[in-house]
Amino acid sequence: MEMSVETAYGRSIETLIDWLHTEVNMSKTRVFFRTYAPVHFRGGDWKTGGSCHLEKLPDLGSVLVSPDYRFKLFFDVLSKHSNESQVMNLHLLNVTSMSARRKDGHASLYYLGPGSGPASLHRQDCSHWCLPGVPDSWNELLYTLLLKQELVHAQDLTESSQAPSVTA
């Protein structure tokens, strides 16, 4: 508890890279790192009166998520390990910007059930997401990335089988 959030986050990424190096067979495994999902508290954090009370519509305007230190930190840590093969097989699933638009997708209003009214301001949950909704979109992105990788792999196999053989 004595370290900054930035230091803790950097350490967690280093731990992930160490784990990949020692525990994962990267020739058989695909690893995806999902970026953080933003919270949508208005009027403070969850401990200081913030809420996402009665948010029913996505943010359709031009919401710009400011560049976050975690994103830069992630790439800074990866760049220190850029010559290591296990890092090269780490894929980034960036959900931050698209999730920032979905202030309506949190559990805060809905977890009490229909007819119960909104959750009290002290029980707002703006860090977990409702299903179906935002996490389904993350899953669709992941599925698309998997399909893309399979397509690239199939193309590589086709090209290598069609390459002329060199004889001396």
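Among contacts in the protein chain between residues at least 6 apart in sequence, what percentage join residues at least 24 apart, and which residues have the most contacts inside the largest nonpolar core?

A: This is a predicted model, in which local features need pLDDT of at least 70 and side-chain atom pairs count only at pLDDT 80 or more, whereas totals for chains, interfaces and linings use all residues. Residues are numbered from 1 along each chain as its sequence is written, and side-chain values use heavy atoms, with hydrogens and water left out.

Of the contacts (heavy atoms within 4.5 Å) between residues at least 6 apart in sequence, 74% join residues at least 24 apart. The chain has five helices and two strands, taken as DSSP runs (H or I, at least four residues, for helices; E, at least two, for strands) and numbered from the N terminus, and their order is α-β-α-α-β-α-α.

Of its 168 residues, 29% are buried, that is, under 20% relative accessible area with a 1.4 Å probe, counting protein chains only. A nonpolar core joins buried Ala, Val, Leu, Ile, Met, Phe, Trp, Tyr and Cys residues through side-chain atoms within 4.5 Å. The largest has 14 residues, and Tyr9, Ile13, Leu20, Val31, Phe33, Phe74 and Leu90 have the most contacts inside it. At least two of its residues come from each of α1 (5-23), β1 (31-34) and α2 (69-80), with α1 giving the largest share, five residues. Beyond its neighbours within four places in sequence, Ile13 touches Leu73, Phe74 and Val77.

Conventions
Buried means under 20% relative accessible area, exposed over 50%, partly exposed in between (1.4 Å probe, protein chains only).
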